[in-house]
Structures are given as C-alpha cells and as structure tokens.
Number of protein chains: 4
Amino acid sequence: MARVVVDVMLKPEILDPQGQAVANALPRLGVNDVSSVRIGRRIEIEFAGEPDLERAREIADKLLANPVIEDFTIRLDGAPAEVA
Amino acid sequence: MARVVVDVMLKPEILDPQGQAVANALPRLGVNDVSSVRIGRRIEIEFAGEPDLERAREIADKLLANPVIEDFTIRLDGAPAEVA
Amino acid sequence: MARVVVDVMLKPEILDPQGQAVANALPRLGVNDVSSVRIGRRIEIEFAGEPDLERAREIADKLLANPVIEDFTIRLDGAPAEVA
Amino acid sequence: MARVVVDVMLKPEILDPQGQAVANALPRLGVNDVSSVRIGRRIEIEFAGEPDLERAREIADKLLANPVIEDFTIRLDGAPAEVA
C-alpha cells in the first residue's frame with residue numbers, strides 16, 4: 001500500500017482570512033517575527049496497489065481543488081513535491 | 001525569509017467523513033483502487049528572520065491543532081517531517 | 001427545488017483552535033467583548049424535487065459529520081433548526 | 001450573553017469541489033435526487049454583553065471571509081439571516 005499526498009493552497013494572490021486570523025493572534029503569544037500564515041488542505045490518498053500519480057492528479061482536479069482559486073501539488077509520501 | 005510547514009491530520013482512529021465522501025465519489029470517476037482518503041490541514045508559516053521550529057510548535061499546539069483529536073507534524077519547508 | 005441546511009459544529013467540550021485563533025486576534029481590531037468564537041461547517045443540500053429531511057440526516061451522518069466529535073442540526077432553509 | 005451567527009459560503013459562481021465530492025458520493029447511498037451540495041463555514045460568536053452586529057460584520061470582513069470569493073450573512077442566533 002502506498003500513499004499519495006496532495007497539498008492544496010489558495011493561490012498567493014487570494015486573501016486567506018483564516019490564516020490572517022492566526023497571524024493576528026500571534027503577538028498575544030509573544031510571537032512577533034511571523035510575516036504570514038496561510039492555511040490550506042493536505043489530503044492523503046492510500047492506494048490499494050501501486051500508487052498512481054496521474055489518477056491522483058485527476059482526483060485532485062475534480063474533487064479536491066478549485067483550480068481558479070487554488071494551486072495543488074502531488075507527490076508520493078516522502079518524495080519532494082511536484083507542482084501541478 | 002523561511003517557511004515552516006505544519007501538517008495537521010485527524011488521529012487515525014477518528015473517522016473523517018469528508019475524506020470518506022471523496023473516497024465514495026471515486027468509483028464514479030472510474031477509480032477503484034483507492035482504499036482511503038483523509039483530509040487535513042496544511043499551514044505555512046513564514047518567519048521574517050530565522051524560522052523557529054519551537055515557536056511553530058507552540059503556535060500549532062495553541063492555535064492550529066486540537067491534540068485530543070488531531071496529530072501534527074512540523075518541518076522546515078523542504079525538510080522531512082518531524083512528528084510532534 | 002428546495003434546500004436543506006446542515007450545520008455541523010464541534011461538540012462544546014471539544015477545543016476549537018481555529019475559533020480560538022480568531023478570538024485571540026480580536027483585541028487587535030479593538031474588539032474586547034467577545035467571549036468565544038467557534039468555527040463549524042454549513043452545508044447546503046439542494047433536492048431536485050421534494051426536500052427529504054430523513055435523507056439529509058442520513059447524508060449528514062455518513063458523509064458530513066463525525067458524531068464522536070461533532071453535533072449537527074438539519075432544517076429546511078428558512079425553518080428553525082431541529083437538533084439531530 | 002448572546003450569539004451572533006456568521007454563515008460564509010463560496011459565491012455561487014465559484015466551483016466547490018468538496019461539495020461536489022459529497023454530491024458524487026450520494027448515489028452509492030441510494031440518493032439520486034440531490035442536485036447540488038455546497039460546503040461553507042458557520043461561525044458562532046459569543047458576546048459577553050450586548051451582541052453587536054456591526055462588530056460582527058467587521059470581524060467577518062477581516063478575519064472570517066474573503067469577499068472576492070465568498071459571501072457571508074450575519075444574524076442574531078434565532079433571527080432570520082441578513083445578507084452582508
């Protein structure tokens with residue numbers, strides 16, 4: 001069994017208010033050197049047999065990410081990310 | 001500027017209905033060899049200066065994850081994950 | 001066409017760090033009288049014909065909420081919530 | 001203590017792949033009369049004193065929603081929604 005990881009983040013030009021909320025809360029924890037926080041999704045897909053990156057890309061494109069507002073990367077768990 | 005990545009996933013014993021919905025939708029795409037889909041969060045924290053993993057751990061523990069139901073890992077972007 | 005609304009919130013005893021982050025960010029906006037922020041999901045289900053609350057409950061139970069950590073309510077859009 | 005509810009949904013013209021995944025999973029549950037599923041966020045804000053809808057609107061605008069891609073409504077808990 002092997003795992004494919006899909007990371008989905010809002011495109012850099014799209015405001016992320018949830019990340020902004022975390023960033024704004026940090027000074028109260030005494031943290032003043034964080035310049036940005038962005039919150040996205042991480043999806044772990046387990047394949048019963050051989051992991052299939054092309055399949056994973058198709059799944060991401062149709063069911064996991066909205067390509068108009070989000071970017072995603074796909075990789076075998078443990079491997080460096082390959083940009084979609 | 002350097003980036004710390006925090007991955008937050010539901011603990012393995014906690015049911016993930018959103019991941020289940022994706023898994024159940026796959027046969028309609030002709031995908032029949034996926035055994036599990038789990039959906040978590042990926043948080044990217046940019047530090048203005050030196051990235052601080054201990055700080056990131058404290059932020060994760062207080063503002064990003066609920067340790068009762070979630071596990072998180074922290075790493076410098078590009079580095080292998082270190083389990084929290 | 002009619003719409004059923006499902007509101008899913010973490011159970012009150014489960015810590016909500018994302019809500020906590022928003023609450024902690026409020027003093028920087030000059031807001032000091034908020035005692036709690038909780039972030040859940042709102043799902044809108046459109047039925048092609050008659051809306052079916054029992055169906056919606058089954059969908060919520062299997063694909064939208066984890067009953068171990070979350071509570072949900074179901075209602076016709078516009079109607080008061082009925083606790084699940 | 002009084003509660004303000006903020007509902008945040010993707011704008012209707014923005015694709016919602018997570019809702020799509022749920023919709024695509026329904027035929028396997030024997031549900032064939034759902035035409036659309038949309039997944040948004042529901043945020044409950046408790047005020048220590050008088051609930052303040054104007055404050056809640058400011059919080060939503062800065063920390064809860066991205067007005068470019070999302071719409072939000074604000075209401076006192078129990079009251080009908082007022083569109084933002």
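Select chains A and B together: 34 residues of chain A are in contact with 34 residues of chain B, contact meaning heavy atoms within 4.5 Å. The model is a predicted one, in which local features need pLDDT of at least 70 and side-chain atom pairs count only at pLDDT 80 or more, while totals for chains, interfaces and linings use all residues. Residues are numbered from 1 along each chain as its sequence is written, chains are lettered from A and ligands numbered from 1 in the order in which they are written, and side-chain values use heavy atoms, with hydrogens and water left out.

**The interface of chains A and B**

Display the surface of this pair. Chain A and chain B bury about 2700 Å² between them, and 63% of that area lies on carbon and sulfur atoms. Buried area is the accessible area (1.4 Å probe) that two parts lose on being put together, summed over both. Next, select A:Leu29, A:Asp33 and A:Arg42, which supply 20% of the area that chain A buries against chain B, more than any other three residues.

A salt bridge here is a side-chain nitrogen of Lys or Arg within 4 Å of a carboxyl oxygen of Asp or Glu. Across the interface of chain A and chain B, the rule finds 2 such bridges. Between these chains there are also 14 residue pairs in polar contact, both residues being at pLDDT 80 or more. A polar contact is a pair of N or O atoms within 3.5 Å; within protein, one must be able to donate a hydrogen and the other to accept it, and residues adjacent in sequence count only if both atoms are side-chain atoms.

Helices (H or I, at least four residues) and strands (E, at least two) are DSSP runs, numbered from the N terminus. The largest share, 14 residues, comes from β2(A). By class, this side of chain A has 17 nonpolar, 5 polar and 12 charged residues. Ala, Val, Leu, Ile, Met, Phe, Trp, Tyr, Cys and Pro count as nonpolar, Asp, Glu, Lys and Arg as charged, and the others, Gly among them, as polar.

**The paired strands and their axis**

Select residues 34-47 in both chains. Strand β2(A) is joined by 13 bridges to β2 of chain B, and the two run antiparallel; strands pair if DSSP finds at least two bridges between them. Within this pairing, A:Arg38 stands opposite B:Glu44 in β2(B).

**The interface of chains D and B**

Turn to chain D with chain B, where 8 residues of chain D are in contact with 8 of chain B. These chains bury about 680 Å² between them, 59% of it on carbon and sulfur atoms. The side of chain D that touches chain B divides into 5 nonpolar residues, 2 polar and 1 charged. Between the two chains the count is 0 salt bridges.

Chain D can be laid on chain B by a turn of 180° and a shift of 0.0 Å along the axis, with an RMSD of 0.0 Å. That is the relation of a two-fold axis. Select D:Ala25, which comes closest to this axis among the residues of chain D, with its C-alpha at 2.0 Å.

Methods: Least-squares fit on C-alpha atoms with pLDDT ≥ 70 in both.
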